[in-house]
Amino acid sequence: QVQLVESGGGSVQAGGSLNLSCVASGPIYCMGWFRQAPGKEREGIAHIDSASDYMYTESVKGRFTISRDNAKHTMYLQMNSLRPEDTAMYYCAASPGTPTTWCPLETYRYWGRGTQVTVSS
């Protein structure tokens with residue numbers, strides 16, 4: 001089992017930036033960021049494996065950057081050009097993926113507590 005600790009959420013003006021961090025209790029092959037706005041479905045926005053192969057959802061491409069430090073078991077999400085529609089609870093998640101299977105969404109079974117991101121217009 002993996003425990004995840006998140007930090008870095010806050011309130012910013014539109015066009016501003018935030019950097020989220022997620023520290024895992026040990027090594028895990030796949031890590032990802034999800035978000036959920038009130039009344040909306042949880043949305044996967046980016047994930048990355050231990051080799052730093054990554055994927056972004058279309059709405060954040062060019063604005064958000066995912067990275068990780070395997071030695072520290074830590075994943076980051078640099079968020080730039082933030083928009084009011086980015087306002088949501090952001091969750092760190094982890095999956096015991098492999099180089100062959102990579103990181104199927106259904107395998108993300110370890111979750112952080114969430115950190116709130118609020119973007120004002």
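Trainee: How many aromatic pairs does the structure hold?

Mentor: Three. Rings of Phe, Tyr and Trp (its six-membered ring) pair if their centres lie within 6.5 Å. Planes under 30 degrees apart count as stacked, over 60 as edge-to-face, and the rest as tilted. One of the pairs joins Phe34 and Tyr108. This is a predicted model, so local features need pLDDT of at least 70 and side-chain atom pairs pLDDT 80 or more, while totals for chains, interfaces and linings use all residues. Residues are numbered from 1 along each chain as its sequence is written, and side-chain values use heavy atoms, leaving out hydrogens and water.

Trainee: What makes Phe34 and Tyr108 an aromatic pair, and of which kind?

Mentor: Their ring centres are 5.5 Å apart, and the limit is 6.5 Å.

Trainee: Which parts of the chain does the pair link?

Mentor: Distant ones. Phe34 sits in strand β4, residues 30–36. Tyr108 is in the loop between β9 (88–95) and β10 (110–111). The two are 74 residues apart. Both are buried, and together with Trp111 they form one aromatic cluster.

Trainee: How many strands and helices does the chain have?

Mentor: 11 strands and zero helices. Read from the N terminus, the elements run β-β-β-β-β-β-β-β-β-β-β. These are DSSP runs, numbered from the N terminus (helices: H or I, at least four residues; strands: E, at least two).

Trainee: Why is the chain called as compact as a globular protein of that length?

Mentor: Set the value against the rule. The radius of gyration is 13 Å, close to the 14 Å that the globule rule gives for 121 residues, so the chain is that compact. The radius is taken over C-alpha atoms, and the rule is 2.2 Å times the number of residues to the power 0.38. Along its principal axes the C-alpha trace spans about 40 × 25 × 25 Å.

Trainee: What share of the chain is buried?

Mentor: 42% of the 121 residues. Buried means under 20% relative accessible area, exposed over 50%, partly exposed in between (1.4 Å probe, protein chains only).

Trainee: How do you know whether His47 is buried or exposed?

Mentor: Its relative accessibility is 9%. The limit for buried is under 20%, so His47 is buried. This residue belongs to strand β5. Contact means heavy atoms within 4.5 Å.

Trainee: Is Phe64 buried or exposed, and what value tells you?

Mentor: Buried, at 3% relative accessibility. Phe64 lies in strand β7. Phe64 and Met79 are 15 residues apart in sequence, yet 4.5 Å apart in space, C-alpha to C-alpha. Met79 is also among the residues that Phe64 touches, as are Arg35, Ile45 and Tyr90.

Trainee: Is Lys40 buried or exposed, and what value tells you?

Mentor: Exposed, with a relative accessible area of 58%. The cut-off for exposed is over 50%. Lys40 is in the loop between β4 and β5 (43–49). Its C-alpha atom is 9.5 Å from that of Ala88, 48 residues apart along the chain.

Trainee: What separates Asn70 from Ala88?

Mentor: 18 residues in sequence and 27 Å in space, C-alpha to C-alpha. Asn70 lies in the loop between β7 (64–69) and β8. At 35%, Asn70 falls between the two cut-offs, so it is partly exposed.

Trainee: What is the phi of Ser81 and of Trp102?

Mentor: Phi is near 50° for Ser81, a positive value in a residue other than glycine. Trp102 has a positive phi of about 55°, and it is not a glycine either. Ser81 is in the loop between β8 (74–79) and β9, and Trp102 in the loop between β9 and β10. Ser81, at 41%, counts as partly exposed. Trp102, at 22%, is partly exposed too.

Trainee: Which residues does Gly10 touch?

Mentor: Leu18, Gln116, Val117 and Thr118, not counting residues up to four places away in sequence. Gly10 is in strand β2, residues 10–13. Gly10 and Thr118 are 108 residues apart along the chain, with C-alpha atoms 6.2 Å apart.
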